[in-house]
Amino acid sequence: MGKIILDKMAMQRALTRITYEIVEKNKGVEDLVLIGIKTRGIFLANRIADRLQQLENVTIPVGELDITNYRDDIEHDSVSDDVKMSSNKIDFSVEGKRVILVDDVLYTGRTVRAALSAVMDLGRPKSINLAVLVDRGHRELPIRADFVGKNIPSSQKEKIKVYVSEIDDKDAVELIK
Amino acid sequence: MTQRYLILEDGSAYPGKAFGSLATTTGELVANSTMNGYQEIISNQIYHNQIIVFTQTSIGNTGLAQNAYESVLPTAKGVIVREYENLATDHFKRISLDRYLKQHRIPGIYDVDTRQIRRHLQEKGNMKASIVDVADEHAFDQLHATVLTNQQVAQVATPKPYPNPDEGANVIVVDFGLKSGILRELSKRDCNVTVVPWDSTSETILDLDPDGVVLSTGPGAPWNLPESVLSMIQKVQTQVPLFGIGLGHELFALANGAKITELRVEHHGSNHPIREIITNEIFFSGQEQGYAVDSKSINHAKLFITHVDLVNGTVQGLRHRDFPAFSVQFSPDGAPGPKDSVGLFDDFSEFMARRRDSNGENY
Amino acid sequence: MAKTIKKLLLLGGGPTNIGHENELDAAAYERLQAIKKTGAQVIYIDNNPFSFASESVQAADVYVQEVTFQNVVNIIEKEHPDAIMPKIGGLNAMQVAWQLEESDVLADNNIDMLGIRPVDLKRVLDNQRLRELLNEINEPIIASKIVPNDDEAMDFVRDVGFPVIVKPFSASHDTSRFICNNTDELEDALEISFERTYIKHVSIEQSIVGYKEIEMVGVRDENGNKILVSGLEDMDPIGIHSGDSIIFAPTQTLINQEYQALRTATFQIMDAINITGTCHVQFAQSRTDSNYYVTKVSPFFTRNALLAAKATGYPLSYVSTLLEMGVSLTEVKLPQKYSKYLPFMEPTMDHVVVRLPLWPFRDIPDVDQHLNTLMKSVGSTIGVGRTVEEAIMKAMHSSQFSPRDILPSVSKVDDDAVINQLIHPLASRVLILMEALRRGFSIDELSELTKIDRFYFYKMNQLLRAQDYVINNPLSPTAVEAAHEYGFGDGMLAELWNVNISTIERMNQNSNVKVTFKEIEPSAGEFREATNVFYSSYELENESVPCKGKTALIIGRGGNQLGPNAAADYYTAQILETTRRAGYKTIIMNTNPNAISLAPALSDKQYIEPIQLGNILNIVNLEQPDIIFLPGNRHYLSKKLKEFADLNIVVLPPDQKIAKFQQGTATTAVDLFIDGDRILPITTISFHTKSRRTELRYINDYQQPMNRWQTDERPLIKMAISKIDTANWQGLVQVLFDHDGSGNYTFTGIRPIRITESAFLNKTTGVNWIDALVKKYLHVLDIDQLSSFYQPGIHQRYSIMEAVFPFKELQSNRTDGASTQEVGAALSFKKIENPIES
C-alpha cells in the first residue's frame, strides 16, 4: 500500500525551491537550458521553465531526453537503432550552455550517468547541473544532485513512485513498501 | 455595567460597556477582520500600542486555550467588540477573556457599533484613539497630546537570549516582538531554537553556529530601529539561510536597499488573496500590517518579489537572488489565520538541510 | 483557460421535497445569468412546475421532463450539447451524470462534464472509493466494517472502542440502526441485525454520536486556487441530521486551530478530487480533543452550500458557474454592483446568521417526530443579527407557525417530558431547551444531556433574562432598549405589553437607539460593496438608503412549510419581475434562505427580516414604498397592515375568504381572467386525486385541458362566464363544477385561482398570467393583447401537474394527502393522439 510522502503542495514547493536555487547558483538565467529525462523529468523540467517564465519573464528552452539506449543496466539487443535517438527532442544546441538535467528520482545514479553521456554526445556545454525532485539514496556511482527537492531516505526494498498530473491524474510522491 | 467610550483623534466618540480592565489607555486604532483567533490576536506583541476593533461580532465564545497564546505578556492597549461572552469552559481548560484582560490590564468595550468604526477607519485612515470613562473635551485633549512611543520593539522583545532545545536544525530567532506561532512551527520541525534579543550583532548570532536565522514579527515601524540591525541582516544573509516574517520582512527589505511606506489604513485580516508570483496561484494567510515594502524601490538585481497582495497590491514576499534568504509580510504560522502557506517553514528547513549537507561550502 | 462552450446541458433539481426546496432553482437562476454572459446556449431539463429559473431559458430549450438517465440520453441525442453541468441538480443529477459516464454516453457524444471530472466523480459518489481516497490523503474517517459474524464484530470493537453503531447490511434503505455502548447492547444488536439481513452480514461502525457537526463550503478553480466561502456550525450534535439542526454562521465554538485544521482538510479534499466550482464538506469534530472525522463530501450545490453563500453575501452560484467553465478565480467578472475583488477575497462576516428548521408535523402529525439521522424538516428561516442572541431571536420569531408576533414557549409540557425530549429530541427542539433553562436545569446538565455546547445555553439564558426584564418592566424605555438589543421585534413588545404597535413606535421615536440596517457583504466593512442585502439591528449607523423613484415592497412568504409554499415562492418571484419591468424599484423582504425570490438578480434590494408587523413597519417607514404586495393568504398580517390607512396594499391572490361555494366538491374547473367587464377564458381543468375523492381540499392533481374537452369545453366555458358578476370578481378566477359522469355539470362555486394553479397555468398555457394579474394591479395591463389568447376546441397535449407528498420520507404509510400536505409537484405532458376526434 502506497503512502503519500509529498503531496501536491509539497511537490510544488520543492519545484519552486529548485527554481530559486537554479537562479541563485547560476547567478541568473543566462545561457540556461533545461533537459528533462523522460518521462516524468520532462514534465518537471517544463514546470521549472514555467516558473522561470513567471519569475524572470524569459523563456528557457526545454529539451527531452530518452536515455534508454545509454543505460548500462538494460539489455540493448531488443532495441533497434531506429528507435535509439527518435524520442529525444532537443531542438537547440547545448554548445556553451549551462545545462540543467531534470529527473524525478535520483537512485543508483545510472540514469544520470547515461544522461550525461547523451548530453555530451550532443555537444560541449559550459556546465551540466542535476536537479531532482527526490533523492532517495543508494548511489552506485559517484554522482550527486546540485538541486534536490526533497531527500527521502528509503530502504532498497521500498519503491518511490512519482505522479505528475499531466499524465497521472495527480501530483504526488508515494513510498510503496 | 459601566459605560465607557472609545474616542478617536478625529473627534468621534463611540459609547459602549466596559469589560476587562477599567484602565484608561491610548493607542492606534486598528480593525481586524479575521474570523477566528481573537486569543492569538490579542496576545500578539505586534499590537503593542494598539487598540484592536474586531469586526467578527462574537468574541470570547471559547475562552482562552492553554496552547494558543502568542506571547506571555500581551501589550495591546484595548479590545473593542460588538458582543463578548465571558465563558471559561471546555476541554482546553480555558480562562475567560474578561479575566485575561483584567490580568493584563487591558481595557475592553463591548456593545459598540464595530461595523461603523471599521467603515469609518477605512474612510479616514489610521488614527489614535483612547478608551475613557467620559468623552469630554479633556479626554480629547489628552488624546491629542499623547505621543505614542516609537520604542515598541525594545519594550516587548526579550532582553536576554533563551533556548528552546530540540534535536534538529540549529535556528537562531531574532526577537523583535516574537509571536509564538513561529516557535511552534519551528518546534514541529524539530529545530533547536535559540531566541536572541533584537539588537544582537551578526557576530553574536554567527558565533552560535546557526543553520538558519529567523527575523521575527514585531510591532511598530521598521525605521524606528537602528542601522545596526540592518548591518546584522546584511552580514547574516550571506552566511546562512534567512527567513524574515512581518517586521522581519520589512527589515530584510530595508537591509537590501528597498524603502518602506506606511499604509493609509492598516490591514489586519486574512481575507486578501496573496499571489505567489512563481506559480501564479493564490492563497490566504493572516495579515497584520501597518507598513509595506515600496515595490518601486526594489532593486531587481538583488531581490525577487515573490508574493503580492491582489487587493491592495502590496509586496508580500521577497527573496534574495544570490542567497537562500527570503521574507514574507504575512504570518504563515496560521496563528491566527489560514495555514495555506505554512510550507514556507518547510522551505526554510530544506534550505538549512542543504547547507548542512554541503557543510556550508556554498556560502 | 476558459472553455468555449456553445451549447450547455443543465440538469435541474426536480420537484421540491424534503431535503430540497427552491434553493437549487434559485442557484440555477443565478447560474443562468452568468452563462448568458458567456453566450452559450442552454438546454435545461427540469420537471418542477414551480421553477422560475427555467423561464429565463428560451422556451424551446426547456425540456419539462424528470431528470433521469434515459430522458437525458434522449435529449443528448437530439441536441448534441458540448458540455453538461450537473452540479446544480443535487445528488440526483450527479448520479445521472455518473450513469452517463459509465455508459460512455459522454465519451461517445464528445461531451465535457463541467465542475468535476468523471473519474473524480466516481471517486466521490462511490462510498468505498471515497474512503480509499480520504485514506490516501491522510484525512480521518470513521472506522467501519462489514462483518459476517459476532467474533469479527467483537474484534472490530476491541480496535475502535465503544460506542459503535450496528445495522443490518442489505441493499434496501434500512433505517434500523443500533447505538451500542457496551458488550450487552452489542450482542443484542448483532442478534437482531443478523436476523434481519438477507446476506448474513452486518455493518458495524465507530459511533461519533455527540460530536460537533461542522460544515465547510469552498470554491476552487481549474488552477487549484481556492477560497473558503464559510464555515457553518450545527448547534445540534452528530446524530441529528444537519437539515434538522439549528445552524450558525460563522462557526461559534471552534478555536482557531480547530477551524484552520478543517479548512485545510477541505482544501486537501477539493484538490484531491480536482473539483471546480463549489464543494461542501462535512466534519465531525470531537468535543474532548482536537480530533475530527470527514463525514460527507458533496461536490455539488447543497442546501447548506447555498446557506453559506446567503450568510456571507458571496455570489456563490454565479462564481461557481464561471469556475466550472474554466475561468480562473482571479478573472471572474461579476455584475457591476460588486467590487472587482470580491470573487477572490475570502468572505469575512460581521454579523451572525442562524438557520432554524421548520417541520411538517402540524400537517402530518401521525409520524415519528423524533429528530435523528433522517431529515424531516421541510423548510427553514434565517435570523440575521449583529449578536448571537439577536440572530436566534429573529430566527425564532420568523419561524412562528402563528402569524402573531409572540414569544414561543412550551410551558404545558411536564418535567418528565422535558427530560425525555432533551435526550430524545423532537421538532422545535429549541423551545424545549429554553423551557428546561426556565425550569432551572443547569447549563452543565443540559450540555451533558444534549451534547450541545454550553455556549448556546449561555446565549439562550441571556435571552430568557432579557425576556423577564421586558415582561417585568412594561412600557419602560430601558426595556425597549434591552428588547431591541436582543432581537425582540416591536410587534412582540406590543403583544407582551398588550398595547397597540403604534405605542411602541412612539416610544422608539423618543429613544436614542433607532433601528438601523446593515448590509450583508463579504468584506466586513472593508469595501463599499453594494450587495443591497440588509438586516436590521439597533445601532448607530444606518446603511440602507431609501430607493429612489417608484418603489414596490414585496413581502415574501418566509420559511417553507407544507402546502403551496414552493408555488408561492415562484409567485413572489413573478411579482418581483413584473413590478420591476413596470418601472418600480423592487424591495423584497424574506427570511427563507432557500427562496428563489431572494435571488440577488431578481430585486433591487433585499431585507432578511422576520415577516412580522414590527419589522415590516420598520422597512415601510424607511422606504415609503408606493405599493406593497402581500403574496398568499396571510389574514392576520393583511388585517393588521390594512389598519394603516396610508399603505397601498395588494394581496395576491385575493383572500380565499371571498370564495363562494355551493358545495365543497368539484371535478372540473374553468379558469378565467377578468379585467373590468372583460372576461377572458384561460383554460379548463380536470381535477384528479389518487383516491378519487372530490372534496376540494384533497384535490392536488390537475389536468389541462379538461376531459371530454372535444364536446364539453365550449359549453362549460359559456356556463362559467354566466356565473360571473364582474363587480365581485376580478383577476384570476376559477369557476368550479361537478361532473356526474354522464355529461351533466353542476356549478359548485367560484374562487380566486390559487397560487399553485396559477403557477400551473403559467407553465401550461404559454401565457404568464401572474404577470398579467400584477400588471392589472399596477394599472399597466393591456387587456387587448391577452384577449385573443384562448381558442377552445383544439388541443395537442394534456398538461398534468401531480402533487408530491413527503410521506415516504417521513416513513408514513399514507399515499394520498390534502393540499396542505403537499411538499411540491411534478409536471408532465401527454400528447393527444387524435386532437380532432375524441
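Mentor: Let us start with contact: two residues are in contact if their C-beta atoms, placed from the backbone, lie within 7 Å. By that criterion, four residues of chain C are in contact with four residues of chain A. On the chain C side, two of these residues are nonpolar, none is polar and two are charged. Please keep in mind that this is a predicted model.

Trainee: What makes D333(B) count as buried?

Mentor: The cut-off for a buried residue is 20 or more other C-beta atoms within 10 Å of its own. D333(B) has 27 C-beta neighbours inside 10 Å, and therefore it counts as buried.

Trainee: Where does D333(B) lie in chain B, and which residues does it touch?

Mentor: D333(B) is in the loop between β21 (325-328) and α10 (343-357) of chain B. Leaving aside residues up to four places away in sequence, D333(B) touches G181(B), I182(B), R184(B), E185(B) and V342(B). In the UniProt record, an unreviewed entry, the annotation "active site" covers D333(B).

Trainee: How do you know that the size of chain A agrees with that of a compact globule?

Mentor: A compact globule of 177 residues would have a radius of gyration near 16 Å, and chain A has 16 Å, so the two agree. The C-alpha trace of chain A spans about 45 × 45 × 30 Å along its principal axes. Buried residues make up 43% of the 177 residues in chain A.

Trainee: How many helices and strands are there in chain A, and which pattern do they follow?

Mentor: Chain A has five helices and eight strands. Along the sequence the pattern is β-α-β-α-β-α-β-α-β-β-β-α-β. Of the contacts in chain A with a separation of 6 or more, 70% are between residues 24 or more positions apart.

Trainee: Why is a group of residues called a nonpolar core?

Mentor: The name applies because its members are buried residues such as Ala, Val and Leu, joined through C-beta atoms within 7 Å. The largest such core has 342 residues, and L101(A), V102(A), A131(A), L10(C) and V354(C) have the most contacts inside it. Another core, of 37 residues, lies apart from it and includes I46(B) and Y100(B).

Trainee: What separates domain 2 of chain C and domain 4 of chain C?

Mentor: Their centres, taken over C-alpha atoms, are 30 Å apart. The contact takes seven residues from domain 2 of chain C and six residues from domain 4 of chain C.

Note on methods
Residues numbered from 1 in each chain as written. Chains lettered and ligands numbered in written order. Predicted model: local features only at pLDDT ≥ 70, side-chain atom pairs only at ≥ 80, totals over all residues. Buried ≥ 20, exposed ≤ 12 C-beta atoms within 10 Å, placed from the backbone. UniProt positions renumbered as here; feature names shortened; annotations may be inferred. Helix = DSSP H or I, 4+ residues; strand = E, 2+ residues; numbered from the N terminus. Domains from an automatic or database assignment. Nonpolar A, V, L, I, M, F, W, Y, C, P; charged D, E, K, R; others polar. Rg over C-alpha atoms; globule rule 2.2 N^0.38 Å.
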